[in-house]
Amino acid sequence: MGLSPSSYRDLEKIVGKKYLSSQKEERFCHSYDATGTSFLPDAVIFPENQDQISRIFELASQKKIFIIPRGSGSGMTGGSIPVKGGVVLVTSRMNKILEIDEENFIARVEPGVVVASLHSACEARGLFYPPDPASSAVCTIGGNIGECAGGPRAVKYGVTRDYVLGLTAVMPSGDIIKTGVVTAKGVAGYDLTRLIVGSEGTLAVVTQIILKLLPKPRAVKTLAVSFDSMDTAAKTVSNVMKMAIIPRCVEYLDEASINLVRGLLSFELPETTRALLILELDGDEDQVERESAQIKAFCKGAGAIEVLVAKDQAGAQKLWEARKALSPVLYKIAPNKINEDIVVPISKIPEMVEITRKIQRESGLTVVSFGHAGDGNIHCNIMYDKKDKDQTKRAEQAVDDLFTATLALGGTITGEHGVGITKMKYLAREIGPLELEIMKGIKRVFDPDNILNPGKIFS
């Protein structure tokens, strides 16, 4: 399609010269995400409000201009990459927390709000927004809506869609729709809110979000549990989840992960540590003390070689910083990675651990696993050098083997990252042809000309 000089001028009239750019440097900065794949857009636009986005889409619909919505670009599957060119629409200027309603436990926010900023604002008022993706310091609420982001606390509190009560969004035609409610319940008509959440920016551009909040837990306790065997750790996870205690986080790190973050920890791990679980409990003070003692005793009985309890919030924060630093420090192993966020039933985690070992042996590549073991969401990182054709071929085969095994265990190929461009060719293995056709039909209803984020999910 491209962007004609006259269309460029029309867009400039909407947002002003300062907030539209065709400079190569600006286009390059918005050409890639965390996948490392890059496609140059024709231009980058920074709207200030909903009205400007509506006018942008009216023009795009008339002129058949591709529009690619983008938050902070921290996605892992290419969801914000302009694979067919067009205009990247960045929501960073729409970054206001419009309201935090302490009486009704809701927040109204714009899509460009950074998740960590929302966490801080809520907690300062004694409230709690649970979703906490690893990239929370940089990722935006709008991006989280697009991917239905989760994070470590999902095991107890659920994912982004569980906290979105309502949305205001602009359709590719430029029409503005409002979905959902501001109340705890609401079943009037189809649930368009949940349809848009997780649609990866292919149906509409969200301009305002109504989020459900919870009271901030009075106490939090974080435990680091060391094991000399990944098998023992995996079986412990499965058994912990059978207890009448629901930790808010159950994370695991394999041996390769531990070796990468040892220097970032505020305590010494036993030399024989081959797997590490991070468990976190919250609630009132007495409940947390009681449950942490029960968990500690259970893990010791299950074969843990050491159970450390963070003395204070600073100690817990240091532990989580090490966990969240894992993704970037993986590049010490190899220059490139394929990061897959598979999910299997909790009881199947031990089997999946063995499968990842087998894939490492057969591929000859380093496979690093960590993630949200409490809900079976494993981040499997296949490390390789994409300049090496043989390594690239083996890495691609490793992904194929991983997905085949995941689906055979009753799992899913993506728990948080979405499909984007990196998992398109695998989607039909999980979703049946009739179901896929229904999804494509929904896309046509919202976007008959396929101008919004084309080339994602389906083709």
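This is a predicted model: local features need pLDDT of at least 70, side-chain atom pairs count only at pLDDT 80 or more; totals for chains, interfaces and linings use all residues.

Trainee: OK, so is Val83 buried, exposed or partly exposed?

Mentor: Partly exposed, because its relative accessibility is 22%.

Trainee: And where is Val83 found?

Mentor: Val83 sits in the loop between β3 (67-70) and β4 (87-90).

Trainee: Which residues does Val83 touch, leaving out those up to four places away in sequence?

Mentor: The list is Phe39, Ile421, Pro454, Gly455 and Lys456. Take Ile421: it is 338 residues from Val83 along the chain, yet their C-alpha atoms are separated by 8.7 Å.

Trainee: You mentioned β3 and β4. What order do the strands take in that open sheet?

Mentor: There are 4 strands in the order β1-β2-β4-β3, with mixed pairing. The edge strands are β1 (20-21) and β3, each pairing on one side only.

Trainee: How many bridges join β1 to β2?

Mentor: There are 2, and the strands run antiparallel, with β2 covering residues 43-45. Ser21, for instance, has Val44 in β2 as its bridge partner.

Trainee: Which helix lies across β2, β3 and β4?

Mentor: That's α3, residues 50-63, and it runs at about 155° to β3. Look at Lys64 too, in the loop between α3 and β3. Its phi is near 60°, a positive value in a residue other than glycine.

Trainee: Is Lys64 buried, exposed or partly exposed?

Mentor: Lys64 has a relative accessible area of 33%, so it counts as partly exposed.

Trainee: Where else is there a positive phi in a residue that is not a glycine?

Mentor: Cys148 has one, at about 50°. It is in the loop between α5 and α6 (154-157). Cys148 is buried, because its relative accessible area is 9%.

Trainee: Switching topic: how much space lies in the largest pocket?

Mentor: About 1,000 Å³. Its lining has 50 residues, and those nearest the centre are Ser74, Gly75, Met76, Ser135 and Cys139.

Trainee: Which elements give two or more residues to that lining?

Mentor: They are β3, α5 (141-147), β10 (205-212), α11 (313-324), α12 (326-329), β16 (336-343) and β17 (367-372). The biggest share comes from α5, with 6 residues.

Trainee: How many of the lining residues are nonpolar, polar or charged?

Mentor: The lining of the largest pocket has 17 nonpolar, 25 polar and 8 charged residues.

Trainee: Back to β16, then. How many of its residues are buried?

Mentor: 8 of its 8 residues are buried, so it's a mostly covered strand by the under-20% cut-off.

Trainee: Which residues point which way from β16?

Mentor: Asn336, Ile338, Glu340 and Ile342 point one way, while Lys337, Asn339, Asp341 and Val343 point the other. In a regular strand, side chains alternate between the two faces of the sheet.

Trainee: Which strand pairs with β16 over 8 bridges?

Mentor: β18, residues 377-384, in the antiparallel sense.

Methods. Residues are numbered from 1 along each chain as its sequence is written. Side-chain values use heavy atoms; hydrogens and water are left out. Buried means under 20% relative accessible area, exposed over 50%, partly exposed in between (1.4 Å probe, protein chains only). Contact means heavy atoms within 4.5 Å. On a 1 Å grid over the protein atoms alone, a cavity is a set of points where a 1.4 Å probe fits but cannot get out, and a pocket is an open set with protein on both sides within 12 Å along at least five of seven lines; lining residues have an atom within 4 Å of a point. Grid points are joined across faces, edges and corners, and a volume is the space filled by probe spheres set on the points. Ala, Val, Leu, Ile, Met, Phe, Trp, Tyr, Cys and Pro count as nonpolar, Asp, Glu, Lys and Arg as charged, and the others, Gly among them, as polar. Two strands pair if DSSP finds at least two bridges between them. Axes are lines fitted to C-alpha atoms, for helices over the stretch in contact, and angles run from 0 to 180 degrees between N-to-C directions.
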